[in-house]
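Here is a friendly walk through one structure, to be read with the sequence and the model side by side.

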Number of protein chains: 2
Amino acid sequence: MNPTPATTSGAPAILHREMPAALLKALSARFVDAFSAALVVREQHGRDESSFSVPPPDAVVFAHSTRDVVDAVKLAAQFKVPVIPFGIGSSLEGHLLAVQGGLSLDLSRMNQVLSINAEDLTVTVQPGVTRKQLNDAVKSTGLFFPIDPGADATLGGMTATRASGTNAVRYGTMRENVLALEVVTAQGEVIRTGTRAKKSSAGYDLTRLLVGSEGTLGVITEITVKLYPLPEAVMAATCSFESLADAVNTTILIIQLGVPIARCELLDANTVRIVNAHSKLALREGVMLLMEFHGSPASVQEQVQTVQEIAADQGGQAFEWANTPEERTRLWTARHNAYFAGVQSRPGCKAITTDTCVPISGLADALLDSVLEAQHSGLPYFMVGHVGDGNFHMGYLIDPEQPAERELAEQLNQQLVHRALKLGGTCTGEHGIGLHKMDFLVAETGAGAVAMMRAIKQALDPDNIMNPGKIFSL
Amino acid sequence: MNPTPATTSGAPAILHREMPAALLKALSARFVDAFSAALVVREQHGRDESSFSVPPPDAVVFAHSTRDVVDAVKLAAQFKVPVIPFGIGSSLEGHLLAVQGGLSLDLSRMNQVLSINAEDLTVTVQPGVTRKQLNDAVKSTGLFFPIDPGADATLGGMTATRASGTNAVRYGTMRENVLALEVVTAQGEVIRTGTRAKKSSAGYDLTRLLVGSEGTLGVITEITVKLYPLPEAVMAATCSFESLADAVNTTILIIQLGVPIARCELLDANTVRIVNAHSKLALREGVMLLMEFHGSPASVQEQVQTVQEIAADQGGQAFEWANTPEERTRLWTARHNAYFAGVQSRPGCKAITTDTCVPISGLADALLDSVLEAQHSGLPYFMVGHVGDGNFHMGYLIDPEQPAERELAEQLNQQLVHRALKLGGTCTGEHGIGLHKMDFLVAETGAGAVAMMRAIKQALDPDNIMNPGKIFSL
């Protein structure tokens, strides 16, 4: 019961709270077939895409309704047992791991699109709806939802981690795109935050407090997000560069000139090779920007012309166009799968993924040395970046059986994060704090701000049952 | 000491807490000339643009630095005396009124632009900087700050009320444009929230919790906001319509088609008359949309063509263009002064201002009946709307000596707000809750969400010294 403190370099702190037999019995009675304490089900809910291994949760409930969530949370609250919301398990930061034991609350069956309000450019969904499912559901309206993390994540998970993806440079992140929520509090009460109006000054912005709260303040049971008209014209291209510096400088100029580029992604040569191998593509194996332009035909032409001029000035090769929707889909699917391509490039490895985001003028300083350090370390790695936002990911591919590799990766990670913080950036652009970045959070925002976060957590969840052990170290 | 409860229709609840002589002495000793208990100074800090009259604060401190704010808050906290941050006094909702007595903390002398980071499209300012001052300061960089409430408000006040204005339809509100804050907490501690990075998933979004918190969670002492490249091309036009319905339907179609219009403002015929008289303009005296288009020359042309077609289909007259920067400035200055024009159109009156915002499809339902009701009531009024956002303001011009007029205005206000809430909207798009919309807040978001807000307030300000009596009724 004496926990190891969580650190950014070590294993997560594990502090098992016993699940009382009376709670198991009550959950089983209430949820019947939607309850499981079987090891195989618990293990499915006891891992994510992070590099950590911890014991699985003590039980799993599959919620089908807000009522189910209320009842599960109230039972857990009665016994002061942790509740860990679960979507599809694609967290990179250990959000889903039961570091204090407890109940995994699987929301994947709450997967209804509740109402499409095309005339208002909004849609309301249950938390288990995935981003691809949502876009299929709204396709016939001529609208789309732009936020696209690599995985086909659930809207609940994306909301809880303040996710973004390749389109954020133009359309913003979950922070800008969630309008309203239904949430079950730590006391099992159902509250609503926000409205479908585009703006509001009505009291504290609980919506945005809950977006990115990583399951620590309540369980999200309904989400209203913005939709956008499908652009009249879409053009996508790749452009290769001699050096990372040239590609980064191209990106910086695109953003500083205010080009409303829809996607601006960077891969280094090593990662292009990995992506080609995984997705059976034949992209030119050098440093590469992947870009997409949205707008009216005239606006897209203007954007393309401006960006071509900037790229040429920086020594970029001619654009290679993805001319058909199918080619575009192939290109972006390959980009979305870059993480999986990276992990599969070293059989048996785990990825330790970084997620710094810096003001655009600091992008070259943040990125170039980090890639050099990875190359010099000898560790296999991949590098992909939402560089238009100043955000990029290194994935250090470690053998989990080799502690020295983990240590080396964590050392590279530390150097990279502290470089970003010095540049006025953040340790995490879109993945969240989870188990892995608690110390970085303190370094970034200061003890005072973290104390304010803790005070809010304590006020809303005094028994610390909502996804405990995440965001805050013990 | 037995407070009248605050209601949306009645006078604000006043609960005077005595200012101890020892505190007055300590403040005077610490702040010397920057402290005043003179009635004339207190009265200057005891009114705003709301329709309420309450006794002035007990003392005023003019802060010149974060250190000053810390010391003033710590002294007030020691005696559990209220602290009311003050900018230029342009609140429409009684935010600045000392309903529980206490110290008015005037931040208008903290008016330095601290750092312009043009290459990152960000700027950091002290809270007393006004929106016009900020735009003057960044003019030479080719960038601008778009958020523009009617008054030349301070950035501190705009942050605290989650303000917006005419450009929000394209550029968002303070919610989307504040990146980072320095805040002095109720305990007198200095914390920093956010970074200059464009996006972040680092813990709870304290920045957005504080944006719109109306001074109730802390004193904002530094603000980092986004800037935007000045558009290459700008065109502004007015278009008259036969009926309000035609103008509203034009607006709805513009938004639903995704036209990236920069400004889309509605005035009814009565208000155009008032604005003409006040600003010595000769706008055609009918229902009018005021519009502005930003972008590349080709993009602006496309937008104009689309909007002209939509307007013509709805019976709109030909566009009248504001062709020069001076004409545009004159037009938008007149629009910004509409509130003052309204108030001056009835000598001695006070305005009770509404601020509902609805999903765009409900705009006609929300607006048309409200204007009809105002016309039928016989009360003088004005109506201006940021209709591209679904947000509009009725200003009921009451004689403050006639309780029946206030009652009538409040009744119209109630009808209007409940109509907006039924349409999925909010009681306040940009002015805040203040003293006047507490009951509406509960009707809008429910008792559960308000209880969560109160729990946060209680956790961060247990002695309720930060602008008490605002947002929450006693």
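In this predicted model, chain B holds an open sheet of five strands, which pair in the antiparallel sense and follow the order β5-β6-β10-β8-β9. Two of these strands, β5 (113–117) and β9 (190–194) of chain B, stand at the edges; each has a single partner strand, so one side of each is left without a neighbour in the sheet. Going from one strand to the next, the twist averages 10°.

One bridge to look for links B:Asn117 with its partner B:Thr122 in β6(B).

Helices pack on this sheet as well. Helix α3 of chain B touches β8 (178–184), β9 and β10 (219–226) of chain B, while helix α4 of chain B touches β5 and β6 of chain B. The table sets out their directions.

| Helix on the sheet | Residues | Strands touched | Angle between directions |
|---|---|---|---|
| α3(B) | 66–78 | β8(B), β9(B), β10(B) | about 50° with β8(B) |
| α4(B) | 131–138 | β5(B), β6(B) | about 45° with β5(B) |

Now over to chain A, for a pair of helices. Helix α14 (residues 363–377) and helix α15 (residues 403–422) of chain A pack at an angle of about 165°, and their axes are 10 Å apart. An angle over 145 degrees counts as roughly antiparallel, and therefore α14(A) is roughly antiparallel to α15(A). The crossing of α14(A) past α15(A) is right-handed.

Which residues make this contact? From α14(A) come A:Ala366, A:Asp369, A:Ser370, A:Glu373, A:Ala374 and A:Ser377. The side of α15(A) is made up of A:Leu408, A:Leu412, A:Gln415, A:Leu416, A:Arg419 and A:Ala420. By class, the residues of this contact are six nonpolar, three polar and three charged.

Finally, how many residues does each chain bring to the contact between chains B and A? Chain B gives 75 residues and chain A gives 75 residues. Sorted by class, the side of chain B that touches chain A has 28 nonpolar, 31 polar and 16 charged residues.

How values were computed
Residues are numbered from 1 along each chain as its sequence is written. Chains are lettered from A and ligands numbered from 1 in the order in which they are written. This is a predicted model: local features need pLDDT of at least 70, side-chain atom pairs count only at pLDDT 80 or more; totals for chains, interfaces and linings use all residues. Two strands pair if DSSP finds at least two bridges between them. Helices (H or I, at least four residues) and strands (E, at least two) are DSSP runs, numbered from the N terminus. Axes are lines fitted to C-alpha atoms, for helices over the stretch in contact, and angles run from 0 to 180 degrees between N-to-C directions. Two residues are in contact if their C-beta atoms, placed from the backbone, lie within 7 Å. Angles under 35 degrees count as roughly parallel, over 145 as roughly antiparallel, 65 to 115 as roughly perpendicular and the rest as oblique. A crossing is left-handed if the near helix is turned anticlockwise from the far one by less than a right angle, and right-handed if clockwise. Ala, Val, Leu, Ile, Met, Phe, Trp, Tyr, Cys and Pro count as nonpolar, Asp, Glu, Lys and Arg as charged, and the others, Gly among them, as polar.
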